[in-house]
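Please find below a short note on the model under review.

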Amino acid sequence: MPDFLPADFRAPSRQDVSGFMMRWDLPLVIDGAVHQCHCGAYRNWIVFNMRDDSVWLRCEAGHETKEARLDTAWYNRNSGPVDHFHPTLDEGLRHLGH
C-alpha cells in the first residue's frame, strides 16, 4: 500500500530530529519560584526538548543547563505547533531570535 503523503510533505518524526525548541519570553516559574540563570537572566529563554526527553534551558547570553524539573509532558503542554524544522542548531536559534 503506498504512503498517504509523498515524502516531501511528511513532517519528520521525533526520532528523525535531535529535538525541539521554543521561545519562552516570560519569567519561567518552576515549582513556584522564578528560574534564574547564574548570569542573572530570568526571562527570554530558549527551551529545548531533546530526543532523550530531557529539557534544557538557554539564556540570551548562551548559557545552557539541563532542567530536571521539566519534562516532555511540560514542553508539550506549553509549546505551540511545530512550524519550522532547521538543519542546524544555529539556524533554529536565529529563527527564534537568539
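**Note on the nonpolar core**

1. Within the largest nonpolar core, which has 14 residues, the members touching the most others are Trp24, Leu28, Trp45, Val47, Leu70 and Trp74. Such a core is a set of buried Ala, Val, Leu, Ile, Met, Phe, Trp, Tyr and Cys residues joined through side-chain atoms within 4.5 Å; buried means under 20% relative accessible area (1.4 Å probe, protein chains only). Two or more residues each are given to this core by E1, strand E4 (45-50), strand E5 (55-58) and H1. E1 supplies the largest share, three residues. Helices (H or I, at least four residues) and strands (E, at least two) are DSSP runs, numbered from the N terminus.

2. This is a predicted model, in which local features need pLDDT of at least 70 and side-chain atom pairs count only at pLDDT 80 or more, while totals for chains, interfaces and linings use all residues. Residues are numbered from 1 along each chain as its sequence is written, and side-chain values use heavy atoms, without hydrogens and water.

3. Leaving aside neighbours within four places in sequence, Leu28 is in contact (heavy atoms within 4.5 Å) with Ala33, Val34, His35, Tyr42, Trp45, Leu57, Leu70 and Trp74.

4. The structure holds one aromatic pair. Trp24 and Trp74 form this pair, which is tilted, at 5.3 Å centre to centre and 40 degrees between the planes. Rings of Phe, Tyr and Trp (its six-membered ring) pair if their centres lie within 6.5 Å; planes under 30 degrees apart count as stacked, over 60 as edge-to-face and the rest as tilted. Because Trp24 lies in strand E1 (residues 19-24) and Trp74 in helix H1 (residues 72-78), the pair ties together parts that are 50 residues apart in sequence.

Key
Buried < 20%, exposed > 50% of the residue type's maximum accessible area, 1.4 Å probe, protein only.
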